[in-house]
Amino acid sequence: MTLQTDRILVVQGDITRQHADVIVNAANSTLLGGGGVDGAIHHAAGPELLQECQTLGGCPTGQSRITRAYRLPAKWIVHTVGPVWLGGNRGEDELLAACYRSALLLADQHQAKTVAFPSISTGAYGFPVERAAQIAIAEIAAGLETARNLERATMVCFGAATFAAYQAALEQRWGAGRREM
Ligand code: ADP
């Protein structure tokens, strides 16, 4: 299942199977692995990833760090720390936007042409997915516009409900049936 504009693609699938220059991980602030997509990425990349993450000293919420991708079909992994949803009045929207911005910037600085994102913060961290999807699509569109190297971004949704939310956000922004950005 896919929906696409020229530069943003929404797919349903497993991000560890995506071929992209950069795979984004929804990490926690220790960067030492966890459940959900973080666990899947560490499992697929292999133990060398944890060794490299141990040298980084963690990462604050809203920021990103980059590592090699080891056994993943990617060049780099950008680890970003999404906000925990605390009801919406604790800066969650801005922190989530900062995740996408900082991840796109790091990817672009490393000459990536393609980047794949999971749905940051909408699993264990409880961010409402429709709201997260609108923020994600807006920030990805803005980031691609100013990037020097990035050409395309893929939102990799792990399930039908998440896919529907990102599909709706993309359609809302560009109109159903439009295929250009
Ligand atoms: P967070 O703590 O940021 O909420 P989670 O990993 O709990 O992170 O969830 C973020 C999103 O990643 C959820 O939509 C979850 O279903 C999804 N997810 C889990 N495993 C994978 C995977 N292998 N590929 C893509 N998305 C995944």
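Reader: How do α4 and α5 sit relative to each other, and at what angle do they cross?

Author: Keep in mind that this is a predicted model. The axis of α4 (residues 129-146) comes within 9 Å of the axis of α5 (residues 160-174), and the two cross at roughly 50°. They are therefore oblique to each other.

Reader: And is that crossing of α4 and α5 left-handed or right-handed?

Author: Right-handed, as α4 passes α5.

Reader: Which residues make the contact?

Author: From α4 you have Val129, Glu130, Ala132, Ala133, Gln134, Ala136, Ile137, Ala138 and Ala141. From α5 come Thr162, Ala165, Tyr166, Ala169, Leu170, Gln172, Arg173 and Trp174.

Reader: How does the contact of α4 with α5 split by class: nonpolar, polar, charged?

Author: The count is 12 nonpolar, three polar and two charged residues.

Reader: Let me pick on Thr162. Is it buried or exposed?

Author: Thr162, which lies in helix α5, has 17% relative accessibility, so Thr162 counts as buried.

Reader: What is Thr162 in contact with, leaving aside its neighbours in sequence?

Author: If you skip anything within four places in sequence, Thr162 is in contact with Ser119, Val129 and Cys157. Val129 is also one of the α4 residues in the contact with α5.

Reader: OK, and why none for Cys53?

Author: Also distance: the closest cysteine sulfur to that of Cys53 is in Cys59, 10 Å away, which is too far for a bond. Cys53 has 1% relative accessibility, so Cys53 counts as buried.

Reader: What does Glu139 touch?

Author: Not counting residues up to four places away in sequence, Glu139 touches Ala97, Tyr100, Arg101 and Leu104.

Reader: Switching to backbone: which residue other than glycine has a positive phi near 50°?

Author: That's Tyr70. Most residues other than glycine have a negative phi. Tyr70 has its place in the loop between β4 (64-68) and β5 (76-81), and Tyr70 is partly exposed at 26% relative accessible area.

Reader: What's phi for Gln111, and where is that residue?

Author: Gln111 has a positive phi of about 65°, although it is not a glycine. Look in the loop between α3 (92-109) and β6 (114-117). At 54% relative accessibility, Gln111 counts as exposed.

Reader: Last one: how far apart are Ile23 and Ala116 in sequence and in space?

Author: In sequence they're 93 residues apart, while C-alpha to C-alpha they are 4.9 Å apart in space. Ile23 is found in strand β3 (residues 22-27) and is buried, with a relative accessible area of 1%.

Reader: What else does Ile23 touch besides Ala116?

Author: Leaving out residues up to four places away in sequence, Ile23 also touches Ile15, Gln18, Ile41, Leu72, Ala74, Trp76, Ile77 and Val78.

Conventions:
Residues are numbered from 1 along each chain as its sequence is written. This is a predicted model: local features need pLDDT of at least 70, side-chain atom pairs count only at pLDDT 80 or more; totals for chains, interfaces and linings use all residues. Side-chain values use heavy atoms; hydrogens and water are left out. Axes are lines fitted to C-alpha atoms, for helices over the stretch in contact, and angles run from 0 to 180 degrees between N-to-C directions. Helices (H or I, at least four residues) and strands (E, at least two) are DSSP runs, numbered from the N terminus. Angles under 35 degrees count as roughly parallel, over 145 as roughly antiparallel, 65 to 115 as roughly perpendicular and the rest as oblique. A crossing is left-handed if the near helix is turned anticlockwise from the far one by less than a right angle, and right-handed if clockwise. Contact means heavy atoms within 4.5 Å. Ala, Val, Leu, Ile, Met, Phe, Trp, Tyr, Cys and Pro count as nonpolar, Asp, Glu, Lys and Arg as charged, and the others, Gly among them, as polar. A disulfide is a pair of cysteine sulfur atoms within 2.5 Å. Buried means under 20% relative accessible area, exposed over 50%, partly exposed in between (1.4 Å probe, protein chains only).
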